[in-house]
Amino acid sequence: MAAPGENLRIDGDRLWDSLMEMAQIGPGIAGGNNRQTVTDEDAEGRALFQKWCEAAGCSMGLDQMGNMFAQRDGTDPDALPVYVGSHLDTQPTGGKYDGILGVLGGLEILRSLNDLNIKTKHPIVVTNWTNEEGTRFAPAMLASGVFAGIHDQDWAYAREDAEGKRFGDELERIGWKGEEEVGARKMHAFFELHIEQGPILEAEGVDIGVVTHGQGLWWLQVTLTGKDAHTGSTPMNMRVNAGLGMARITELVHQIAMDSQPDAVGAIGHANVYPNSRNVIPGKAVFTIDFRSPDQEKLDGMRARLEAEAPKIAEALGLGIEIEPVGHFDPVTFDEGCVSAIRQAAERLGYSHRDIVSGAGHDACWINQVAPTAMVMCPCVDGLSHNEAEEITKDWARAGADVLFHAVVETAEIVS
């Protein structure tokens with residue numbers, strides 16, 4: 001297939017203006033966004049996206065999970081569409097770019113094709129996946145998971161938020177529950193543009209991350225049981241301190257990750273001690289370990305070492321211990337052909353690039369199970385994301401969208 005000419009570029013100013021206009025919906029309190037899934041703000045953002053898509057001459061599809069599909073027709077009615085997109089929902093204290101850049105970058109492809117009067121053999125479909133963030137309704141990547149057959153749709157509808165509201169009820173309430181069967185669509189390929197959410201690209205001065213893999217994950221919940229006791233009157237050698245056990249296992253987690261380099265991480269992010277009183281030695285500690293690696297053997301090895309060594313720490317301190325897996329997905333290897341299209345697009349356009357592993361989960365990780373998939377990443381300031389201070393530059397956005405444009409259009413095959 002013919003590659004697009006290097007003079008083909010998106011309109012970076014128009015993309016930036018669209019990002020800023022979308023950011024006016026569901027503003028946060030510190031410059032970012034609070035546009036959580038299936039809220040009134042989400043509905044308003046969806047309506048604006050649909051208005052823009054229809055103005056670009058697209059038809060809009062909507063499935064029973066609220067996934068939106070804006071299609072620009074191709075010349076071959078039998079050719080499977082090339083899909084591109086991400087998500088419009090945000091964290092409660094989210095930024096203006098996480099997910100949104102991927103959706104509006106996809107829209108900018110369609111607008112630019114219209115400007116240039118270019119036709120493609122394959123249709124191009126821009127997708128907004130519902131509830132990627134998973135903050136209000138766990139788990140993350142909920143609707144793309146249903147699309148890929150990972151989750152049952154009725155189970156997804158029954159997810160509840162902190163107020164006991166059900167996902168399916170809220171989706172219907174805001175008016176964005178469609179009729180189309182989830183997962184019925186077949187894809188020629190799927191591409192997702194995203195900010196890195198990490199510091200590597202900016203630190204190295206690289207324009208484009210070519211995402212080759214997504215990290216696998218194990219979440220292990222540890223419960224340590226000791227004995228509540230007075231901090232002032234209990235001798236040190238007579239304590240059964242669950243907090244001390246958690247501290248030593250925290251060190252173990254760090255050491256396991258360091259011993260598993262490169263491309264492995266581990267930390268304890270969620271932790272509670274009980275009774276959580278300043279003058280009571282904790283009699284119980286519950287915490288979650290997050291291990292990640294793109295290497296399956298390494299990922300499973302980190303879990304196995306934790307499960308072998310943490311009980312020894314607990315035994316030495318006289319603590320009871322339970323370890324329960326509470327989250328998992330396998331590492332992702334993205335499609336070689338799609339990855340190559342992104343790498344070649346960056347080279348053709350003269351952007352510096354490097355291969356990179358996604359440390360976070362994305363809709364592309366699930367769609368990879370049902371279609372050839374790859375991701376493009378652009379830098380973000382200080383690697384900061386899931387934070388209202390999340391920031392990128394207009395040039396970074398333009399470069400990422402240019403590479404996305406070329407990879408998508410080359411895969412969709414220019415005919416005129």
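Q: Why does R398 count as partly exposed rather than buried or exposed?
A: In this predicted model, R398 has a relative accessible area of 25%. Buried would need a value under 20% and exposed one over 50%, so 25% puts R398 in between, as partly exposed.

Q: And what makes D395 exposed?
A: The relative accessible area of D395 is 52%. The cut-off is over 50%, so D395 passes and is called exposed.

Q: How do you know that R398 and D395 form a salt bridge?
A: Look at the gap between the side chains: 2.7 Å, N to O. The limit is within 4 Å, for an Arg or Lys nitrogen and an Asp or Glu carboxyl oxygen, so this pair qualifies. As for where they sit, both are in helix α12, 3 residues apart, so about one helical turn separates R398 from D395.

Q: Why is R111–E108 still called a salt bridge with its closest N and O atoms 4.0 Å apart?
A: The rule says within 4 Å, so a pair at 4.0 Å is counted. R111 and E108 are also about one helical turn apart, being 3 residues from each other in helix α3 (residues 100–116).

Q: Are R111 and E108 buried or exposed, and how do you know?
A: R111 comes in at 14% relative accessible area and E108 at 0%. Both values are under 20%, so both residues are buried.

Q: What makes β3 and β4 paired strands?
A: The requirement is at least two bridges, and β3 has 5 with strand β4 (residues 124–128), in the parallel sense, so they pair. One of the partners is V125 in β4, which bridges to Y83. The chain gets from β3 to β4 through α3, in a right-handed β-α-β crossover.

Q: And why do β3 and β5 count as paired?
A: They share 3 bridges, also parallel; at least two are needed, so strand β5 (residues 189–195) pairs with β3. V84 stands opposite F191 in β5.

Q: Which residues have the most contacts inside the largest nonpolar core?
A: They are F49, L104 and F191, in a core of 93 residues. Helix α12 supplies its largest share, 11 residues. L104 touches L15, S18, L19, M22, F49 and W52, leaving aside residues up to four places away in sequence. A second, separate core has 23 residues, including L220, M246, A285 and F287. In soluble globular proteins, nonpolar side chains tend to be buried together.

Definitions and conventions:
Residues are numbered from 1 along each chain as its sequence is written. This is a predicted model: local features need pLDDT of at least 70, side-chain atom pairs count only at pLDDT 80 or more; totals for chains, interfaces and linings use all residues. Side-chain values use heavy atoms; hydrogens and water are left out. Helices (H or I, at least four residues) and strands (E, at least two) are DSSP runs, numbered from the N terminus. Buried means under 20% relative accessible area, exposed over 50%, partly exposed in between (1.4 Å probe, protein chains only). A nonpolar core is a set of buried Ala, Val, Leu, Ile, Met, Phe, Trp, Tyr and Cys residues joined through side-chain atoms within 4.5 Å. Contact means heavy atoms within 4.5 Å. A crossover is right-handed if, with the strands pointing away from the viewer, the path from the first strand over the helix to the second runs clockwise.
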